Amino acid sequence: MEGAYFYGEHLRWNLGWENPNPAGAFVAMGIPWLWAIASGAGRQDGWKCRLLGLVAFLGEAALWFLLCKTYSRGALVAAFVAAAVYFGLSINRDGWRKTLGMAGVRGVMVIALLLGSGFFSRIDPGYVVEDASAMNRLTLWKGGLQMIAASPWRGWGAGESGDGFMQWFQPLEADEAYAGMVNSYLHVAVERGLPVLGAALSLVGALLAVVGFAINGRGSRDRNRRDIGAGMKDLVQGA
């Protein structure tokens, strides 16, 4: 753990990462996998499948708890977007009643965790408006775009985005320190250049196309494969 981060009196958990934000993102990407596992187990008979579904649900609850302890708003938004995509796709497959039931149970669980951990006050609009970190990030991202314009093809080099911004593009009256762009896509473009970002996005697009083909497969034998495919798609889109 490289330093301690706090929200008020609450310690933000790093979970072994350099700061809580990538930790929250990593946790958020894991949640859709458990939705897929629970969904696939729920379509099979037998106590083993029911047990697997229960374990997946408890694992999901544990991941939501860890996400709340990171107090990462970006990770929370990513998890909510993934949930909207996943349960939106589930309507045609499972029907409105079952889908709303599954989403409702998880919604109650998440709200309870947000309230119990104190995370809810961090996403309160009144707090967000007064939070200087939001405006600081807008300044950082504007500088990142200027850095891309200055070196679009080769980038500024691995690990140099934060230093480059502070030395050349940060306002003189600001004294915040940055190790990166606090935005994955912008970070890659600034440090590695636009061609690398384009290649990465093309790879993600190809993966989504393959997963979409798997989801739209026909036949009862392909059902579990489609469930896993849906989880992969939510994983990528949530990230």
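Analyst: In this predicted model, Glu 60 and Arg 106 are both buried, a term that applies because each has a relative accessible area under 20%.

User: What makes Glu 60 and Arg 106 a salt bridge?

Analyst: The closest N and O atoms of Glu 60 and Arg 106 are 2.9 Å apart, and the cut-off between a side-chain nitrogen of Arg and a carboxyl oxygen of Glu is 4 Å, so the pair counts as a salt bridge. The two residues belong to distant parts of the chain, Glu 60 lying in helix H2 and Arg 106 in helix H4, 46 residues apart. A search of the whole structure finds 1 salt bridge.

User: Why is the set containing Trp 35, Trp 64, Leu 67 and Phe 119 called a nonpolar core?

Analyst: A nonpolar core requires buried residues of types that include Trp, Leu and Phe, joined through side-chain atoms within 4.5 Å, and these four are members of such a set, the largest one, with 23 residues, so the name applies. Trp 35, Trp 64, Leu 67 and Phe 119 touch the most other members. Helices H1, H2, H3 and H4 each give two or more residues to this core, and the largest share, 7 residues, comes from H3.

User: Which residues are in contact with Leu 67, leaving aside its neighbours within four places in sequence?

Analyst: Among them are Val 27 and Ile 31, together with Leu 76, Ala 79 and Phe 119. Contact here means heavy atoms within 4.5 Å.

How values were computed. Residues are numbered from 1 along each chain as its sequence is written. This is a predicted model: local features need pLDDT of at least 70, side-chain atom pairs count only at pLDDT 80 or more; totals for chains, interfaces and linings use all residues. Side-chain values use heavy atoms; hydrogens and water are left out. Buried means under 20% relative accessible area, exposed over 50%, partly exposed in between (1.4 Å probe, protein chains only). Helices (H or I, at least four residues) and strands (E, at least two) are DSSP runs, numbered from the N terminus.
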